[in-house]
Amino acid sequence: MSSFFDMGGYAAFVWPAYAVTLAVVFLNVFWARRALARSRAEARRRLQMQGEPS
Amino acid sequence: MAWTWFHRFGSPPHVYRLAARLTPWFAWPAALCIAAGLWGGLVLAPPDYQQGDGVRILYVHAPSAWMSLMVYTTMAVAAAIGLIWRIKVAHAVAASCAPIGASFTFAALVTGALWGEPMWGTYWEWDPRLTSELVLLFLYLGYMGLRAGIEDTQRADRASAVLAVVGVVNVPIIHYSVTWWNSLHQAPSVMRMDKPAMPPSMLLPLLLMLLGFTLLFVALLLVRLRGEVLARERAASWIREVVSV
């Protein structure tokens, strides 16, 4: 098991590479959902400003 | 028949609802492929006879680099369609692509640097492949900066679309840089005319990661597209239906 984490001496390069890539993957999911939520909130606000019943 | 299909594709409420329905069909397969690809790349794939376990960076570096180019190409094609046929939804697609592409270009550059140091003895070199990939990051950032700087969405769409279309010349330059010039970077191992230059135990995890990232891109694009479509619609009655809680 320790040889797995050691990555044949390349641990200092392999693990950060995987960490950065996975961070980008998860951040993308988070950012995309946040962008949609903001657009929906903004659209709702616009509807209310028009004085329409919501 | 074909015309109605095309027309529906440009219709914002149809696109919004279709995108919402399709998202899970791409997101879950993406998660499965990436999980399987990570397991394959980190555990099942053999170490390289020269690079040892350092070669495992391949399974995150190549898919990130593939995303950087594929997303840009999608963005440029959507921007061109938006410019030529004045289709709002096409501009919304282009705008959705940029942050996704920029972040994966960043990942490709960082993982490349982390691979370069142990194998080439340097994190960075002003090499054709590396430099053109860095230019790609600046194209994405320029595109996003330009959009952020223009208040009016329609004007932002048109101005940024021109930048996206002009910048697409960089895509073949990146892809062929390793064959046109004498580069530190290796030539393509998978996307080449003859058969891929690696055993199935390496090729399979790599293909799973490439497929997983591509599916993830579609899922992210569908989520972002809904937001961009909403932002481009003023007082349309369908909006009330889709945003009411």
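**A note on helix H2 of chain A and on chain B**

1. Buried here means 20 or more other C-beta atoms within 10 Å of the residue's own, with C-beta atoms placed from the backbone. Among those buried residues are Phe13(A), Tyr18(A), Val25(A), Asn28(A), Leu36(A) and Ala43(A).

2. A word on the basis: this is a predicted model, where local features need pLDDT of at least 70, side-chain atom pairs count only at pLDDT 80 or more, and totals for chains, interfaces and linings use all residues. Residues are numbered from 1 along each chain as its sequence is written, while chains are lettered from A and ligands numbered from 1 in the order in which they are written.

3. Helix H2 of chain A covers residues 11-49, and its end C-alpha atoms are 56 Å apart; this agrees with the 57 Å that its 39 residues should span at 1.5 Å a residue. The expected span is 1.5 Å times one less than the number of residues.

4. Chain B has nine helices and zero strands. Helices are DSSP runs of H or I with at least four residues, strands are E runs of at least two, and numbering starts at the N terminus. Of the 245 residues of chain B, 40% count as buried, and its C-alpha trace spans about 65 × 35 × 35 Å along the principal axes.

5. In chain B, helices H5 (residues 128-149) and H7 (residues 170-180) pack at about 160 degrees, with axes 8 Å apart. That makes H5(B) roughly antiparallel to H7(B), a label for angles over 145 degrees.

Notes: Buried ≥ 20, exposed ≤ 12 C-beta atoms within 10 Å, placed from the backbone. Axes fitted to C-alpha atoms, helices over the stretch in contact; angles between N-to-C directions. Parallel < 35°, antiparallel > 145°, perpendicular 65-115°, else oblique.
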